Amino acid sequence: MKKLALAALMACASHAAFAGDGSHWGYAGAEGPDQWAKLSPDNYACNGKNQSPVDLKGTIHAALKPLKMEYQAGGGEVLNNGHTLQVGFAPGSALWLDGQRFELKQYHFHAPSENLIAGVSYPLEVHLVHADKDGNLAVVAVMFKQGADNKALAALWPQLPKEAGAKAALAAPLSAAALLPAKRGYYRFSGSLTTPPCSEGVRWLVMKSPVTVSKAQVDAFAELIHHPNNRPVQALNGRSILD
Ligand SMILES: [Zn+2]
């Protein structure tokens, strides 16, 4: 099950299925989020009780340990899979969580944000997707608020492939560290992939502090994807959000 979730996550990237591919899924209409569970038996979890994204509110104060990231300049290529722009990482970057090493696999973007913080939507959110040796997933999410140009995105954006299904090698390897806010406080909850097959058991870590992005940078991303790529927030169903 865990291995399946990871395989699905990577497969969606590698066979470059994109919106418009009738066998796949999208963000509106007959292939939209409220239809995902019906599109394939593999998507049964999309109707689950522990789904992402969520509105982070009513948080419970807990003694969360500081996040330990060891990020290297390992991002070597960027893929436009029609759903998002995704930077793939070579082995060597990791998040330590619950005594386990979670390898950074890829990061990708959603505009507007998928998670909300106390009801607030942000213009852009990045998901840093990690997996441990057993295929358990941990996602670090960072919100972008409108402001100054984001330097990390300024290096990445001009290299984004314009066509769905296209991939480009990056001129220089990128580190995910450049996307993190200076303050590392975070919220934690248990959720799912926010795209089919919506597999649950994902450890979500949402950074409390946003970083900045310019309106021009958000617009450039939206122009490449052609539509909003955020799944609506899902019911908490009794889950606690720790902060
Ligand atoms: Zn995502």
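Which residue lies over the face of Y187? K208 does, at 5.4 Å from the ring centre. Keep in mind that this is a predicted model.

Now to the metal. A zinc ion is coordinated by three histidines: H108 through NE2, H110 through NE2 and H127 through ND1. The distances run from 2.0 to 2.1 Å. Along the chain, these donors follow the spacing H-x1-H-x16-H. Take H108 and H127 as a pair: they link distant parts of the chain, 19 residues apart. H108 sits in strand β6, residues 100-110, and H127 sits in strand β8, residues 124-131. Are these two buried or exposed? Both H108 and H127 are buried.

Next, the strands around β6. Start with β4, residues 85-89. Four of its five residues are buried, so β4 is mostly covered by the under 20% cut-off. On one side, β4 pairs with β6 through three bridges, and the two run antiparallel. In that pairing, Q86 stands opposite H108 of β6. That brings us back to a zinc ligand, H108.

β4 has another partner. Strand β3, residues 73-80, is joined to β4 by five bridges, again antiparallel. Here E77 has G88 in β4 as its bridge partner. β3 and β4 make a hairpin, with four residues between them. Look at G82 in the turn: its phi is positive, about 85°.

On to the aromatics. How many aromatic pairs does the structure hold? Ten. One of them is Y107 with F109, an edge-to-face pair. Their centres are 5.8 Å apart, with 85° between the planes. Why does Y107 count as buried? Because its relative accessibility is 2%, and buried means under 20%. F109 counts as buried too, because its value is 1%.

Another pair is F189 with W204, and this one is stacked. The numbers are 6.0 Å centre to centre and 10° between the planes. This pair also links distant parts of the chain: F189 is in strand β11, residues 186-192, and W204 is in strand β12, residues 200-207. They are 15 residues apart. F189 has a relative accessible area of 3%, so F189 is buried. W204 has 2%, so W204 is buried as well.

One last point on rings.

Terms used
Residues are numbered from 1 along each chain as its sequence is written. This is a predicted model: local features need pLDDT of at least 70, side-chain atom pairs count only at pLDDT 80 or more; totals for chains, interfaces and linings use all residues. Side-chain values use heavy atoms; hydrogens and water are left out. Donors are N, O and S atoms within 2.8 Å of the metal (3.2 Å for Na, K and Ca); water is not among the atoms, so sites may look incomplete. Buried means under 20% relative accessible area, exposed over 50%, partly exposed in between (1.4 Å probe, protein chains only). Rings of Phe, Tyr and Trp (its six-membered ring) pair if their centres lie within 6.5 Å; planes under 30 degrees apart count as stacked, over 60 as edge-to-face and the rest as tilted. A charge sits over a ring if NZ of Lys or CZ of Arg is within 6 Å of the ring centre and within 35 degrees of the ring normal. Two strands pair if DSSP finds at least two bridges between them.
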